Amino acid sequence: MARHRPRVVSVADDGGGVTATFQDARGARTAVRAGWLVGCDGVHSAVRQRLGLAYDGEDYPGVWAIVDARIDGWPCPPGEVFVF
């Protein structure tokens, strides 16, 4: 059975917070209010599209990820990174 995730159908920013409305596979809608909305949904971001924001980057082929984390034993000092 395929898993159906809710999709973003609207985003409203009133200056004091953000309300995002999601719709599930059955059509039921749920509104979520928060101080921030972070769009981590890729190059074709529904969050960014609902906010009317352009994507000025490029789409890189392949599977990859960007991670912001502390990793014990990481060989680079703070402020330095590996670049591939």
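Colleague: Two strands count as paired if DSSP finds at least two bridges between them, and with that in mind, which residue of S2 is the bridge partner of valine 8?

Modeller: In this predicted model, valine 8 has phenylalanine 22 of S2 as its bridge partner.

Colleague: And how many bridges join S1 to S2?

Modeller: Six bridges join them, with S2 covering residues 18-23 and the two strands running antiparallel.

Colleague: In what order do the strands of the sheet come?

Modeller: The sheet is open and is built from three strands in the order S1-S2-S3, with antiparallel pairing. Strand S1 (7-13) and strand S3 (29-34) each have a single partner strand and stand at the edges, so one side of each is left without a neighbour in the sheet. On average, and with direction ignored, neighbouring strands of this sheet are turned by 20° against each other.

Colleague: Switching to pockets, how much space lies in the largest one?

Modeller: The largest pocket holds about 600 Å³ of space, and 16 residues line it, with Val67, Ala69, Trp74, Val81 and Phe82 lying nearest its centre.

Colleague: How does that lining divide into nonpolar, polar and charged residues?

Modeller: In the lining of the largest pocket, twelve residues are nonpolar, one is polar and three are charged.

Colleague: What about the second largest pocket, which residues line that one?

Modeller: Its lining includes Gly39, Cys40, Asp41, Arg48, Tyr55, Glu58 and Trp64, and about 210 Å³ of space lies in this second largest pocket. The residues of its lining divide into five nonpolar, two polar and four charged.

Key
Residues are numbered from 1 along each chain as its sequence is written. This is a predicted model: local features need pLDDT of at least 70, side-chain atom pairs count only at pLDDT 80 or more; totals for chains, interfaces and linings use all residues. Side-chain values use heavy atoms; hydrogens and water are left out. Two strands pair if DSSP finds at least two bridges between them. Helices (H or I, at least four residues) and strands (E, at least two) are DSSP runs, numbered from the N terminus. Axes are lines fitted to C-alpha atoms, for helices over the stretch in contact, and angles run from 0 to 180 degrees between N-to-C directions. On a 1 Å grid over the protein atoms alone, a cavity is a set of points where a 1.4 Å probe fits but cannot get out, and a pocket is an open set with protein on both sides within 12 Å along at least five of seven lines; lining residues have an atom within 4 Å of a point. Grid points are joined across faces, edges and corners, and a volume is the space filled by probe spheres set on the points. Ala, Val, Leu, Ile, Met, Phe, Trp, Tyr, Cys and Pro count as nonpolar, Asp, Glu, Lys and Arg as charged, and the others, Gly among them, as polar.
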